[in-house]
Amino acid sequence: MTQPFKGTNKSGLTRELIEALFPMFEQASVGAIAVDREARITWINNSYAQLLSLGDPAGVIGLPVRQVIPETRMPEVVETGKPLLLDIMEHHQQQLVVTRLPFYDDAGEIEGAVAFVLYGDLQPLTPLISKYRRLHQDLAAARKALAKKARSTRYSLGDFVGATPGALEVKRRARLAAGREMAVLLLGETGTGKEVLAQAIHSVSSRAERPFVGVNVAAIPDNLLEAEFFGVAPGAYTGADRKLREGKFQLANGGTLFLDEVGDMPLPLQAKLLRVLQEGEVEPLGSNKVTSIDVRVIAATSRNLKAMIADGIFRSDLYYRLNVLEIPIPPLRDRLADLGLLCETLLWEISEGLGVRAEITDAGIAALASYDWPGNIRELRNLLERALTMSEGGALDADAMFKVLPRVGGRPASKIGSRPVRPLAATLAEAEAQAIAEALVASRGNRTKAARLLGISRSMLYEKLAKMS
């Protein structure tokens, strides 16, 4: 098969070819930039400088590109020599569609790279993104349907919805837990999403292809817990099967065992569980045969285990065995800024089941923010489902929410009900300032770490601090 072009340079684009194509690419793009082999800026056009709010383009020439654009992947292109033909880069809450190309000298050595911003926002790509989302939703639905037939997970880390500092810290620790073989203890009130997080950790761990077995300790009578956990040998008691009945540990062998409400476990079983975790061996009820098992344990509880240890109703040695990595999940009332994201996600799931279209107004979200949420996200889903069922169509507004919100003395229960109403912008600005202050304290003034905790870029943090000063 003949080649459309022939040349001696087999490495990639040469400077001459880049220079020939540059005017056309620059005219068709929103902005353009070039770097040398050390990833230092050698040129940037005025439109890109304006898009990045840089002022005079000459002021950044010679600077490392990451110093000016922290989110860029230009150093990666220069280092690997591989182009990034289509990428989405977030910069100061902008989503830029970028293409990056390396170029070579006559000897075939990388001389630098150029980048073109094809679109300054994602609006032109809406049809493509919508198609991707539909495919992603179909994949998620298929995964959940398969999970019902097998011992696998239905949830991924993307199903734990939230963008507040507390939610982002939970996701950070979950990713840390997924990458290491360690016991995890999830602490949180009922309805905060502990099982979703446990499944998410398993789904991105090295055990993802192995079973995920969940058991709610509080839902099983005490006299059946040992059999449920460790299995039953043939003839162990009257009516027992003639073959070995496997317990949850045997079923989860090679995978993950999720112990929900582990704080409700009776003391005698705590001692046996501790031995299994230490020795990696299970002895079924009524058997003298020991079986080796390889199980990663994720435990969860809504109770205060430290107080239970002080009261003598939970073993301290078991606590330290389970609590290698602790992930506290904040209650919904402590991350009300996530209400919009949560409502959007939950309404999509609910409306899909009901076959209707659902959305919620800003006023409806504000109404939900006036409530204390003792039942957390589980309660939020219930209230949204009730509101949608009672709605006669259209968006769910404040009136629709107040109709289903629990009332105390004829008004929605709220700790902030007595406060004067303030503009939403002022409330959000105060919450943002508090989150930044907490992140700086937690990072001991290290702004890079603070930006990481907040889930924003360092340049964005500097910008917000300048506005606050």
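How many aromatic pairs does a search of the whole structure find? The search finds six. Rings of Phe, Tyr and Trp (its six-membered ring) pair if their centres lie within 6.5 Å; planes under 30 degrees apart count as stacked, over 60 as edge-to-face and the rest as tilted. The model is predicted, so local features need pLDDT of at least 70 and side-chain atom pairs count only at pLDDT 80 or more, while totals for chains, interfaces and linings use all residues. Residues are numbered from 1 along each chain as its sequence is written, and side-chain values use heavy atoms, without hydrogens and water.

Phe229 and Phe249 form a tilted pair, at 6.2 Å centre to centre and 40 degrees between the planes. This pair links distant parts of the chain, 20 residues apart. Phe229 lies in helix α8 (residues 222-230) and Phe249 in helix α9 (residues 248-251). Helices (H or I, at least four residues) and strands (E, at least two) are DSSP runs, numbered from the N terminus. Both Phe229 and Phe249 are buried. Buried means under 20% relative accessible area, exposed over 50%, and partly exposed in between (1.4 Å probe, protein chains only). The rings of Phe230 and Phe249 have centres 5.8 Å apart and planes at 25 degrees, so this pair is stacked. Phe230, in α8, is 19 residues from Phe249. Phe230 is buried too. Phe229, Phe230 and Phe249 form one aromatic cluster.

A nonpolar core is a set of buried Ala, Val, Leu, Ile, Met, Phe, Trp, Tyr and Cys residues joined through side-chain atoms within 4.5 Å. The largest such core has 30 residues. Phe229, Phe249, Leu257, Leu259 and Leu322 touch the most other members. Several elements each supply at least two residues, including β7 (212-216), β8 (256-260) and α12 (316-322). Helix α10 gives the most, with five residues. Apart from this core lies another, of 27 residues, among them Trp373 and Met401.

Helix α10 has 13 residues and reaches 19 Å from its first C-alpha to its last. Its buried residues are Leu269, Gln270, Leu273, Leu274, Val276 and Leu277. They cover an arc of only 165 degrees around the axis, so they sit on the same side of α10. The arc is that of the directions from the helix axis to the C-beta atoms. On the other side of α10, Pro268 and Arg275 are exposed. Just after α10, Gly280 takes a positive phi of about 70 degrees.

Notes
The expected span of a helix is 1.5 Å times one less than its number of residues.
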